[in-house]
Amino acid sequence: MRVKDIISSIIKYVLLVIGAFIMVFPFIWMLLCSFKTHAEIIQFPPKVFPSHFSFDNYRKAFSMAPFGKYFVNSLIVMVANTVSSVLVTIFAAFAFSRLKFKGKEIVFSILISLMMIPFEMLIITNYTTIVHMHLYNTLPALVLPFISSIFSSCLFFISKLVNQQAVRI
């Protein structure tokens, strides 16, 4: 390698390390502050490391909110969203790829065109639908809207994949 290439590489890596530090420092600061007392957090000039590590903030946070329940609920919603989206998308992609029915291209085009509608535009409609179904403040309310939102984008790719596979009886 030439000297110019080595210097260029060194400058690139130094800039990358500086950028990485700038991006990671707020998270490190937040973590270190979580071990400080309230007085240490608001003192000026601030100290990076706490004078003594205190877990009182964590005890207080876990006593004020049921984080275990939140974690289990998040896990249930994640698994339900993933499984339902995969099942619905795979079956629909197979139907669009292998089955012959009237209006297949039109229905497929409509589903693919739904990819152009951002999810944010559907929030109010989804909310009113969930309220009318009496699912407000339940876990199914977090699953049902996402089945249809993921459906159209994955459907296109999986149906093209199924089309490429050889038909076996």
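This is a predicted model: local features need pLDDT of at least 70, side-chain atom pairs count only at pLDDT 80 or more; totals for chains, interfaces and linings use all residues.
Local features need pLDDT of at least 70 and side-chain atom pairs count only at pLDDT 80 or more, while totals for chains, interfaces and linings use all residues. Residues are numbered from 1 along each chain as its sequence is written, and side-chain values use heavy atoms, with hydrogens and water left out.

Start with the fold. The protein has seven helices and zero strands. Helices are DSSP runs of H or I with at least four residues, strands are E runs of at least two, and both are numbered from the N terminus. Of the 169 residues, 19% count as buried, meaning under 20% relative accessible area with a 1.4 Å probe, protein chains only; exposed means over 50%, and partly exposed lies in between.

Now take helix α5, residues 104–113. K104, F108 and L111 are buried there. Seen down the axis of α5, these residues fall within an arc of 60 degrees, so they line one face of the helix. The arc is that of the directions from the helix axis to the C-beta atoms. The face turned away from the buried side carries the exposed residues E105 and I106. An α-helix has 3.6 residues a turn, so residues three or four places apart point the same way.

Contacts come next. A contact means heavy atoms within 4.5 Å. Among contacts with a separation of 6 or more, residues 24 or more positions apart account for 55%.
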